[in-house]
Amino acid sequence: MFDLALIWGLLIALAVLIYVILDGFDLGIGILFPLIKGEQNRDVMMNSVAPVWDGNETWLVLGGGGLFAVFPLAYSVILTSLYAPLIAMLLALIFRGVAFEFRFKDARHKPLWDLAFAGGSILATFCQGVVLGAFIQGIEVQDRAYAGGWFDWLTPFSLFTGFALVVGYALLGAGWLVMKTEGPLQARVYDLMTGLAAGLVFCIGIVSLWTPLLNAEIAGRWFSWPGLLYLSPVPILVLVSALGLYRAIRQRREVLPFVLSLGLFVLSYAGLGLSLYPNIVPPDVTLWQAAAPDKTLGFMLVGAAILLPLILGYTSYAYWVFRGKVRPGDGYH
Amino acid sequence: MSDFFDATVLARAQFAFTVAFHIVFPSFTIGLASYLVVLEGLWLAKKQDVYLRLYKYWSKIFALSFGMGVVSGIVMSYQFGTNWGPFSDMTGPVLGPLLGYEVLTAFFLEAGFLGVMLFGMNRVGPKLHFFSTLMVGVGTLFSAFWILSANSWMQTPQGFAIENGQFVPVDWWLIVFNPSFPYRLVHMVLAAYLTTAFVVAAVGAYHLLKDKQNKAAQIMFSMAMWMALLVAPLQLVAGDLHGLNTLEHQPAKVAAMEGHWETRRGAPLVLFGLPDMAAEVTHFEVAIPKLGSLILTHEWDGEVQGLKDWPPEDRPNAAIVFWSFRIMVGLGLLMILVGGLSLFMRWRGRLYDQPWFLRLALVMGPSGFVAVLAGWFTTEVGRQPYLVYGLLRTSDGVSPIDALAVGTSLAAFAVVYFVVFGAGIYYLLRLMRQPPRADEPGPQGDAPLRAAGIASVPPPRPAE
């Protein structure tokens with residue numbers, strides 16, 4: 001028989017990765033808003049993601065809904081323990097989500113909705129980073145329930161991962177904009193991108209060194225022989241990608257910077273997965289302990305196997321319909 | 001006072017507040033998505049410019065409402081875990097997949113094609129564009145299917161076993177198609193269609209009051225009135241059947257709806273009264289003898305259970321359920337009346353220029369939303385004190401979170417929702433106040449229209 005819990009662990013991880021990549025770049029657009037002036041530039045930035053942001057955010061709902069279905073214990077404990085940052089994230093997502101519509105409906109208050117879009121994007125991203133940090137540092141569980149305090153999530157480490165994710169999403173957003181824009185706006189984004197790339201690589205380095213300090217098991221996995229050998233491709237590829245990204249930005253390549261920025265995210269994510277496996281609630285609830293019965297996992301798997309390829313198909317189609325550069329006055333409102 | 005601020009009450013208040021705000025948007029967008037499919041279909045079939053104008057007019061309103069529905073909906077998908085952790089852990093194996101399937105079949109479909117629908121008219125052919133509108137419409141219905149299945153399972157659970165304190169699935173067919181699901185689904189989808197019809201009618205009436213020749217306003221008003229005429233009576237039948245189903249599975253809820261305390265044969269139909277939970281009596285009762293039994297059991301002397309059949313701690317709050325039920329039914333009867341009047345107006349040739357009737361339709365604009373909320377209050381408060389009816393008490397499902405934390409987040413939700421959705425509703429009303437014009441811009445804005453240069457304002461025609 002298949003190990004359904006393992007398959008679902010991988011699928012949920014994949015859904016979260018797709019979310020991080022897709023909503024990452026459109027949250028990144030919002031993070032970059034304060035750095036780029038001019039109403040027309042901001043219109044173009046927003047229009048570059050307006051047709052797709054809603055689909056991107058649906059992966060967040062799949063992450064939540066999927067976890068509820070297949071790892072209900074993890075859903076229950078993680079969400080309860082991260083109450084404050086998650087509620088803040090949801091509220092922030094409301095502000096930035098409605099800004100897509102409101103901004104164009106109300107010329108007089110456009111600066112206000114610009115602020116809602118930028119502030120909402122930054123806060124939502126920061127909260128997601130805090131959630132990530134708090135998750136890595138571990139959640140106290142007793143008798144299938146959260147046993148820690150209301151502020152356990154708040155540590156220097158989780159604040160740092162919050163900051164790191166803001167830098168990371170800003171880089172993804174910049175990569176997307178380089179692809180989708182041209183002229184002075186694109187030039188401005190290129191200028192920002194070098195700093196963001198350097199910032200993200202710095203953050204990846206700090207988090208990579210900090211994580212093993214929090215957890216002896218993770219340290220043992222990375223800094224012992226032969227673990228070091230097996231896991232070495234991850235840091236090596238991070239360095240290669242970082243150098244490639246630096247060159248691609250200098251050479252003013254249009255697609256490669258975005259691709260390599262995604263690469264950095266995928267590699268960091270893989271590194272994280274290799275550190276935490278097989279726990280779904282670190283430090284000690286495993287995939288199998290948190291999994292729903294096989295009857296649930298099987299029922300969901302049939303649907304996912306049929307529907308996920310379809311979803312990826314028509315989502316790609318939607319992206320393809322809106323391919324190419326976004327120009328001022330294009331498209332919206 | 002301390003009871004009032006306990007964590008369970010606050011968590012319930014937060015859920016009720018966020019879900020009540022949320023349901024307003026889907027109730028409207030489910031109906032509006034279907035309406036847009038019809039409008040675009042009519043445009044493609046008849047090639048009359050006015051349908052395209054109407055499509056564009058309503059798609060702007062749809063975009064705004066849908067956006068608010070999405071962001072308020074994301075909150076819901078996380079709130080089960082943040083505020084109702086033990087409930088999530090216990091019911092996840094059964095309810096999780098229903099919500100998972102909602103995401104996979106509905107949310108992605110809507111989101112994937114929404115972009116093409118709103119921004120793609122000049123990028124894809126008309127047929128593909130119509131297909132996108134259709135997929136968004138189908139997506140909203142799929143979404144209703146799954147979420148109502150999940151809710152209905154909590155009301156009338158079956159097809160499960162309990163292992164180690166967890167509900168685990170035994171038969172998926174029985175779970176999805178649980179006893180109250182078909183009734184609830186039909187009742188809610190019809191409610192969404194009626195809600196939309198009355199909003200469309202109010203907008204049409206508003207513009208007809210200003211200019212009775214406005215062709216687009218005439219068409220939307222006429223279409224909405226056909227919906228009211230046909231769907232409102234259908235809803236009465238669906239509601240009655242749903243009520244009988246509730247009587248079979250949740251008699252305590254029906255007793256609260258009816259304001260009955262004593263179990264008796266030939267029970268009256270209580271029209272008005274003030275149910276008093278402490279005194280176990282309905283004050284100032286105005287009732288029609290025996291009619292209650294007739295409606296509920298379809299027999300003059302049928303036996304109807306009263307709330308005293310259950311211990312006090314197992315009773316729903318009769319005061320809320322009794323009145324929310326009456327608000328819903330009252331509005332439903334008014335809708336039937338408006339639909340009937342519209343037929344009379346049509347027959348007399350006064351549908352577009354009888355001011356008092358147009359004003360009545362305008363006032364009835366928000367009636368669907370109020371009825372939907374009242375209906376949900378009836379069924380959800382009526383389900384108390386349980387989350388999973390008869391099996392899992394609400395107080396056993398709540399997360400171990402400080403009342404202070406829940407209270408703070410509730411306050412934050414209240415402030416943000418009133419500010420953000422208040423602004424959104426203001427923008428919606430502003431869009432609706434604009435008359436549909438001959439050169440109606442779509443969500444696409446100033447992009448050139450195929451026929452824009454040629455199509456002129458149709459010359460005013462003498463009244464038929």
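**Exercises on a predicted two-chain model**

In chain B, the centres of domain 1 and domain 2, taken over C-alpha atoms, are separated by 26 Å.

**Exercise 1.** Describe how domain 1 of chain B and domain 2 of chain B meet, and find which helix gives the most to the side of domain 1.

*Solution.* Begin with the bounds: the domain assignment gives domain 1 of chain B as 11–178 + 402–452, and domain 2 as 227–394. Next, count the residues in contact, which are 19 from domain 1 of chain B and 17 from domain 2 of chain B. The area buried between these two domains is about 1600 Å², and carbon and sulfur atoms give 75% of that area. On the side of domain 1, Arg12(B), Met154(B) and Gln155(B) lose the most area to domain 2 of chain B, together 32% of what that side buries. Then turn to the pairs across the interface: the count of salt bridges is zero, whereas five residue pairs are in polar contact, both residues being at pLDDT 80 or more. Finally, α1, α3 (85–119) and α4 (126–155) of chain B each supply at least two residues of the side of domain 1 that touches domain 2, and α1(B) gives the most, with six residues.

**Exercise 2.** Decide whether Arg144(A) is buried, partly exposed or exposed, and do likewise for Lys47(B).

*Solution.* Arg144(A) is found in the loop between β1 (141–142) and β2 (145–146) of chain A, and its phi is near 60°, a positive value in a residue other than glycine. Its relative accessibility is 38%, so Arg144(A) counts as partly exposed, given that this class lies between 20% and 50%. Lys47(B) lies in the loop between α1 (7–46) and α2 (49–83) of chain B, and phi of Lys47(B) is likewise positive, near 60°. Because the relative accessible area of Lys47(B) is 64%, this residue is exposed.

Technical notes. Residues numbered from 1 in each chain as written. Chains lettered and ligands numbered in written order. Predicted model: local features only at pLDDT ≥ 70, side-chain atom pairs only at ≥ 80, totals over all residues. Heavy atoms only, no water. Helix = DSSP H or I, 4+ residues; strand = E, 2+ residues; numbered from the N terminus. Buried < 20%, exposed > 50% of the residue type's maximum accessible area, 1.4 Å probe, protein only. Domains from an automatic or database assignment. Contact = heavy atoms within 4.5 Å. Buried area = accessible area lost by both parts, 1.4 Å probe. Salt bridge = Lys/Arg side-chain N within 4 Å of Asp/Glu carboxyl O. Polar contact = N/O pair within 3.5 Å; in protein donor to acceptor, adjacent residues only side chain to side chain.
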